[in-house]
Amino acid sequence: MPEKQLQVELLAFTPDPEKTCALAARTCYSAMEYDELKALVNEKDQAAFLRRIVASGHLSVLEHASFTFGVSGVSRALLAQLTRHRIASFSVQSQRYVSLEKGFGYIVPPRIRELGEEAVNEFEAQMAQMQAWYVSWQEKLGKGEGSNEDARFVLPNACETHITVTMNARELLHFFSLRCCNRAQWEIRALAREMLKLCKQAAPVIFENAGPGCVSGPCPEGARSCGKAAEMRELYKNL
C-alpha cells in the first residue's frame, strides 16, 4: 500500500462550547438560578467574560467542552506519544482484529524523503519486506484473531493507524502547549497544529492564545529553546 498523508477531521464537539464554558464559570460567581444564567449567557456576548476567566487561570470551567477528532495517516510511533496524554479518550484501529494481509499504509519521515528518491525507494522496499514477513507469519500461525495478534510483532512503527480521540478544552490547551512546540517530534507537531486550526474555528475565544508555551509567555524550554519565539507567536496568531 502507498505512503499515507495526515488527515484530521473534527467529528463532533460540545454545542456552543464557549457559551457552555461561560455558563459553567458564571455558576461559580452568581446566585442566579440556571434559567436566569442561561438567559444572561444567551442575551449577552460572553467573549470578554470568557477571556477574563481564561486569563485568571480558572481553567476547570473549560473541561465542560469536549472535542472529538478523527485522525488517519499517522504512525504507530505517533500513537505512542499521543496516548501519554491521559486526560483523553482514544479508540484505535486494532492490529489484533484488523488483518493487514493485503498491505498496510505507512508514513515516510521527511528526513528520509529529503535524502532523495533512492532513499525513499529503500524505505519502501523495507516496508514491503515487513509486509511479506507479516503474511508469512499469518500463514504459519493460521488465519484469524490469534494469527494477527502475533504476526503484528514484525510490523514497523511506520505502520499507519486510525485514531478517534476526544479531549476537553482544558486538556487541549495543555496538549497544544507541548506538542505545537518546535521541539516536539515532527509528526505529532503536525497533528497538533491541524487540531488547533479546527479548534480555533469551533471556539475562537477559548483557543485564541493557544499554541506552544512561547505564544503567551517566555519560552518554557529555557536553554533548549529553538530561539524562534517571535516567529512562533506570529505563526499561531494567524493560524
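1. In this predicted model, helix H1 passes helix H3 in a left-handed crossing. The axes of H1, residues 17-29, and H3, residues 47-56, come within 10 Å and cross at roughly 70°; because angles of 65 to 115 degrees count as roughly perpendicular, the two helices are therefore described as roughly perpendicular to each other.

2. The loop between strand E1 (7-13) and H1 holds Asp16, whose phi is near 45°, a positive value in a residue other than glycine.

3. Six salt bridges are found in a search of the whole structure. One of them joins the side chains of Arg113 and Glu3, with an N to O distance of 2.2 Å; this pair links distant parts of the chain, since Arg113 belongs to helix H5 (residues 110-114) and Glu3 to the segment before E1, 110 residues apart. Arg113 is partly exposed at a relative accessible area of 38%, and Glu3 also counts as partly exposed, at 24%.

4. A salt bridge is likewise formed by the side chains of Glu149 and Arg96, at 2.7 Å from N to O. Here too distant parts of the chain are linked, with Glu149 in helix H7 (residues 145-151) and Arg96 in the loop between strand E3 (89-92) and H5, 53 residues apart. Glu149 has 24% relative accessibility and counts as partly exposed, while Arg96 is partly exposed with a relative accessible area of 30%.

5. Between Arg183 and Glu221 there is a salt bridge in which the closest N and O atoms are 3.2 Å apart. Arg183 sits in the loop between helix H8 (169-179) and H9, whereas Glu221 sits in the loop between H9 and H10, so that the pair links distant parts of the chain, 38 residues apart. Arg183 is partly exposed at 43% relative accessibility, and Glu221 is partly exposed with a relative accessible area of 33%.

6. The loop between helix H9 (186-202) and helix H10 (229-237) also contains Cys226, which counts as partly exposed at 37% relative accessibility. The C-alpha atoms of Cys226 and Gln95, 131 residues apart along the chain, are separated by 37 Å.

7. On the surface, Trp133, Trp137 and Leu141 form a nonpolar patch with about 330 Å² of accessible area together. Leu141 is found in helix H6, residues 117-141, and counts as partly exposed because its relative accessibility is 43%.

Conventions:
Residues are numbered from 1 along each chain as its sequence is written. This is a predicted model: local features need pLDDT of at least 70, side-chain atom pairs count only at pLDDT 80 or more; totals for chains, interfaces and linings use all residues. Side-chain values use heavy atoms; hydrogens and water are left out. Patches are made of residues with over 30% relative accessible area and no salt bridge: like charges are joined within 9 Å, nonpolar side chains (Val, Leu, Ile, Met, Phe, Trp, Tyr) within 5 Å. Accessible areas come from the Shrake-Rupley method with a 1.4 Å probe; for residues, only the protein chains shown count as cover. A salt bridge is a side-chain nitrogen of Lys or Arg within 4 Å of a carboxyl oxygen of Asp or Glu. Helices (H or I, at least four residues) and strands (E, at least two) are DSSP runs, numbered from the N terminus. Buried means under 20% relative accessible area, exposed over 50%, partly exposed in between (1.4 Å probe, protein chains only). Axes are lines fitted to C-alpha atoms, for helices over the stretch in contact, and angles run from 0 to 180 degrees between N-to-C directions. Angles under 35 degrees count as roughly parallel, over 145 as roughly antiparallel, 65 to 115 as roughly perpendicular and the rest as oblique. A crossing is left-handed if the near helix is turned anticlockwise from the far one by less than a right angle, and right-handed if clockwise.
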